[in-house]
Amino acid sequence: MFLDIRFIVGIIGSIACMLLYAAPILTFKRVIKKASVEEYSCVPYILALFSCLTYSWYGFPVVSYGWENLTVCSISLLGVLFESTFISIYVWFAPRGKKKQVMLMASLVLAVFGMTVFLSSFSIHNQHTRKVFVGSIGLVSSISMYGSPLVAVKQVIRTKSVDFMPFYLSLFTFLTSLTWMAYGVLGRDPFIVTPNCIGSIMGILQLVVYCIYSKGKEAPKVLHDIDQNNVMKVPASHVDTNRHNP
């Protein structure tokens, strides 16, 4: 019965994740309509892609015990599809400077993921050690993903406008993180509990900031080029995030 409850929570988490993955669709409709990425950052989507790739591999029987994390694997694979699509659209409409930065970061993420798969498949023969290795990388990638909205939070505070931090994205980030944290607790899996605990906190922070600045009437300030470059850098910690992911 305990396993059944965990599976049900995993299904609920997957549904919340689908809503989170779909939330940026409105953002990218705006990007396509204006043929410009404006002040949006692609960093959260790249970090979300890394997290989805890592946790899709984490959920495979090669790493986990059997299909104990089937829901994690399935929803993460869907996340890979969504994030890859968003990044492709961003690259298409981004100016040359940003385009090069995004492609470089995406290539780095794919290289690290490829190395993770290779080492865990051929160099680590103990499954417990393999799970700890992949789970640790997934934990770091997921924490980075959930921390990426700090870029958008900073931008909201500076411009006093929530235009670049959609409400539903923040809401679904919180709900998704909370659900997957419960899933991890039920499975006693620290590699799922820890990042989603942080994700829940980040979700609450975004919602609080949104509530504070959503009534502001001041038009968004145009950032200087140097500020735009800073927005594109990986934060110390998907956004327009992304990110939410188990």
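Q: How many aromatic pairs does a search of the whole structure find?
A: The model is a predicted one. A pair of aromatic rings is described by the distance of the centres and the angle of the planes. When the whole structure is searched for such pairs, the number found is twelve.

Q: Which kind of aromatic pair do Phe-28 and Tyr-45 form?
A: The ring centres of Phe-28 and Tyr-45 are 5.2 Å apart, and the angle between their planes is 70°. Planes over 60 degrees apart count as edge-to-face. The pair of Phe-28 and Tyr-45 is therefore edge-to-face.

Q: How many residues apart in sequence are the parts that the pair of Phe-28 and Tyr-45 ties together?
A: Phe-28 belongs to helix H2 (residues 25–34), whereas Tyr-45 belongs to helix H3 (residues 43–58). The pair thus ties together parts whose separation in sequence is 17 residues.

Q: Are Phe-28 and Tyr-45 buried or exposed?
A: A residue counts as buried when its relative accessible area is under 20%. Phe-28 has a relative accessible area of 3%, and Tyr-45 has a relative accessibility of 1%. Because both values fall under that cut-off, Phe-28 is buried and Tyr-45 is likewise buried.

Q: Which kind of pair do the rings of Trp-57 and Phe-60 form?
A: The centres of the rings of Trp-57 and Phe-60 lie 6.0 Å apart, and their planes stand at 45°. Planes under 30 degrees apart would count as stacked and planes over 60 as edge-to-face, with the rest as tilted. The pair of Trp-57 and Phe-60 is therefore tilted.

Q: Which residues form one aromatic cluster?
A: Phe-28 and Tyr-45 form an aromatic pair, and both also belong to one aromatic cluster. The members of this cluster are Tyr-21, Phe-28, Tyr-45, Phe-82 and Phe-86.

Q: How many helices does the chain have?
A: Read along the sequence, the pattern of the chain is α-α-α-α-α-α-α-α-α-α. The chain has zero strands, and its number of helices is ten.

Q: Is helix H5 roughly parallel or antiparallel to helix H6?
A: The axes of helix H5 (residues 96–122) and helix H6 (residues 127–147) come within 10 Å and cross at roughly 170°. Angles over 145 degrees count as roughly antiparallel. H5 is therefore roughly antiparallel to H6.

Q: Which residues does Val-80 touch, not counting residues up to four places away in sequence?
A: Val-80 is found in helix H4 (residues 70–93), and Val-80 is buried, with a relative accessible area of 17%. With residues up to four places away in sequence set aside, Val-80 touches Leu-49, Cys-52 and Leu-53.

Q: Which residues does Ser-141 touch, not counting residues up to four places away in sequence?
A: Ser-141 has its place in helix H6, and its relative accessible area of 3% makes Ser-141 buried. With residues up to four places away in sequence set aside, Ser-141 touches Leu-47, Phe-50, Ser-51 and Thr-54.

Conventions: Residues are numbered from 1 along each chain as its sequence is written. This is a predicted model: local features need pLDDT of at least 70, side-chain atom pairs count only at pLDDT 80 or more; totals for chains, interfaces and linings use all residues. Side-chain values use heavy atoms; hydrogens and water are left out. Helices (H or I, at least four residues) and strands (E, at least two) are DSSP runs, numbered from the N terminus. Axes are lines fitted to C-alpha atoms, for helices over the stretch in contact, and angles run from 0 to 180 degrees between N-to-C directions. Angles under 35 degrees count as roughly parallel, over 145 as roughly antiparallel, 65 to 115 as roughly perpendicular and the rest as oblique. Rings of Phe, Tyr and Trp (its six-membered ring) pair if their centres lie within 6.5 Å; planes under 30 degrees apart count as stacked, over 60 as edge-to-face and the rest as tilted. Buried means under 20% relative accessible area, exposed over 50%, partly exposed in between (1.4 Å probe, protein chains only). Contact means heavy atoms within 4.5 Å.
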